[in-house]
Amino acid sequence: MAWASSPLTSSLTAAKSPHGPPSPTSWVPAVPEPQANHLPQEKWLELEAAHHARVDRYAKPYLARQSAGQKHPVEDFLFTYYTQKPGQLLRWHPGDGVVLSGERAAERARWKYYRVLDDGALAAAGLPAGSVAVTFDRHQFVAERTEAVRFAGIILRGTVARPAQFGCFGLHEWAMVYRQDKFDLRHEYLKLRLGSEGTDTVVEDNRIRCSHFDAFRFYTPDATPLNELTPTRDNQRTMEQPGCLHANMDLYKWAYKLAPALPSELVMDCFELSWRIRAMDMQASPYDLEEWGYPAIRIETPQGKAEYVEYQRAFAAEAQELRARVLEQVQPLLELLVPTP
């Protein structure tokens, strides 16, 4: 687990690396199925085991801390802020358009959004009649998750098309504790690096330009009017932009919300990007995390701002590549949707 919990000081290279029933009018079941890829049991069990090992690097330490009544300010976040739990993340899915065969595949017939192949579908997949095989049920998924698919497509397409903005310097975290003494706010176990007065000064001496509603909504009341933008849940679809750390962390959210349509390998790519972004986000925060192994990025200084932007740009580039990969996987689902009037 050492590498998974290491601070961001060694992660810039990784950041740069490529890597009721619904209305019958809400979807179109007549789109032909593409040719499915077939994974025999021995192959997909290897992929499943590799996925379990990958998830365990992150999930097992979290579950151990939870059992011991311990908390971690950085490494618990993806399991506590987001709704996907470790057991859900651990479940491996091959994604849309993949057929799994073998006796073990029969277990998945009881899983949501999987279907058993009939003899016609077996023949199309190159398998003999009577074989045991399952695949993702695209039509059931789109019929039951229409709005989730539609909204994810809007957010992802809009974000990937917009220019990235790099002028926020992570000050959203500082705005969340602005004038905390006035509002009797205290983190239960973290201290502010600069104290309350020093933290307030940083907020007052800088422009606050957060575009992400799910960060902005946690501002203190006195910090809210200082933000030059007014993100809301309603305008989220037009304000998300690819330079935002939280928009890029949320790639993980959109990926798991679209499971099992997406392959678990892609979901974990999004998870690991989000993990590294969380580390950087907290290093640039007003909290003192030195004893947790996360040295500060001092965004109150010119050097710290430059360091922050360097990481931010690298993460934005990596996130755009992942966003394009997620959209590629989602496109067959979006093609089943009837355009809204």
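Biologist: Which residues does Phe271 touch, not counting residues up to four places away in sequence?
Modeller: Leaving out residues up to four places away in sequence, Phe271 touches Tyr58, Leu78, Phe79, Leu89 and Tyr252, where contact means heavy atoms within 4.5 Å. Please keep in mind that this is a predicted model, in which local features need pLDDT of at least 70 and side-chain atom pairs count only at pLDDT 80 or more, while totals for chains, interfaces and linings use all residues. Residues are numbered from 1 along each chain as its sequence is written, and side-chain values use heavy atoms, with hydrogens and water left out.

Biologist: Which residues touch the most other members of the largest nonpolar core?
Modeller: That core has 69 residues, and Leu262, Phe271 and Tyr308 touch the most other members. A nonpolar core here is a set of buried Ala, Val, Leu, Ile, Met, Phe, Trp, Tyr and Cys residues joined through side-chain atoms within 4.5 Å. Helix α15 gives the most to this core, with 12 residues; helices (H or I, at least four residues) and strands (E, at least two) are DSSP runs, numbered from the N terminus. In soluble globular proteins, nonpolar side chains tend to be buried together.

Biologist: And Tyr308, is that one buried or exposed?
Modeller: Tyr308, which is found in helix α15, is buried, with a relative accessible area of 0%. Buried means under 20% relative accessible area, exposed means over 50%, and partly exposed lies in between, using a 1.4 Å probe and protein chains only. Not counting residues up to four places away in sequence, Tyr308 touches several residues, among them Cys168, Phe169, Gly170, Leu245 and Met280.

Biologist: Which backbone nitrogen lies 3.1 Å from a polar atom of its side chain?
Modeller: The backbone nitrogen of Gly170 lies at that distance from the side chain of Tyr308. For polar contacts we take a pair of N or O atoms within 3.5 Å, and within protein one must be able to donate a hydrogen and the other to accept it, while residues adjacent in sequence count only if both atoms are side-chain atoms.

Biologist: Okay, new topic: at what angle do α7 and α15 cross?
Modeller: The axes of α7 (residues 146-161) and α15 (residues 302-334) cross at roughly 145° and come within 10 Å. Those axes are lines fitted to C-alpha atoms, for helices over the stretch in contact, and angles run from 0 to 180 degrees between N-to-C directions.

Biologist: Which residues meet there?
Modeller: On the α7 side they include Val149, Gly153 and Leu156, and on the α15 side they include Gln320, Arg323 and Val326. By class, this contact of α7 with α15 has seven nonpolar, four polar and two charged residues. Ala, Val, Leu, Ile, Met, Phe, Trp, Tyr, Cys and Pro count as nonpolar, Asp, Glu, Lys and Arg as charged, and the others, Gly among them, as polar.

Biologist: What does the side chain of Ser264 reach?
Modeller: It reaches the backbone nitrogen of His93 at 2.8 Å. Ser264 is placed in helix α14 (residues 264-283) and is buried, with a relative accessible area of 4%.

Biologist: Which side chain does Arg276 make a polar contact with?
Modeller: The side chain of Arg276 contacts that of Glu318 at 2.6 Å. Arg276 also lies in helix α14, and at 16% relative accessibility Arg276 counts as buried.

Biologist: What about Glu300, where does it lie?
Modeller: Glu300 lies in the loop between α14 and α15 and counts as partly exposed, at 25% relative accessibility. A polar contact of 2.9 Å joins the side chains of Glu300 and Arg193.

Biologist: Last one, the backbone: is the peptide bond from Ala259 to Pro260 cis or trans?
Modeller: The bond from Ala259 to Pro260 is cis, with omega near 5°, and Pro260 lies in the loop between α13 (251-257) and α14. Most residues other than glycine have a negative phi, and most peptide bonds are trans. On the phi side, Tyr113 has a positive value near 70°, and Arg179 has a positive phi of about 55° although it is not a glycine. Tyr113 counts as buried at 7% relative accessibility, whereas Arg179 counts as partly exposed at 33%.
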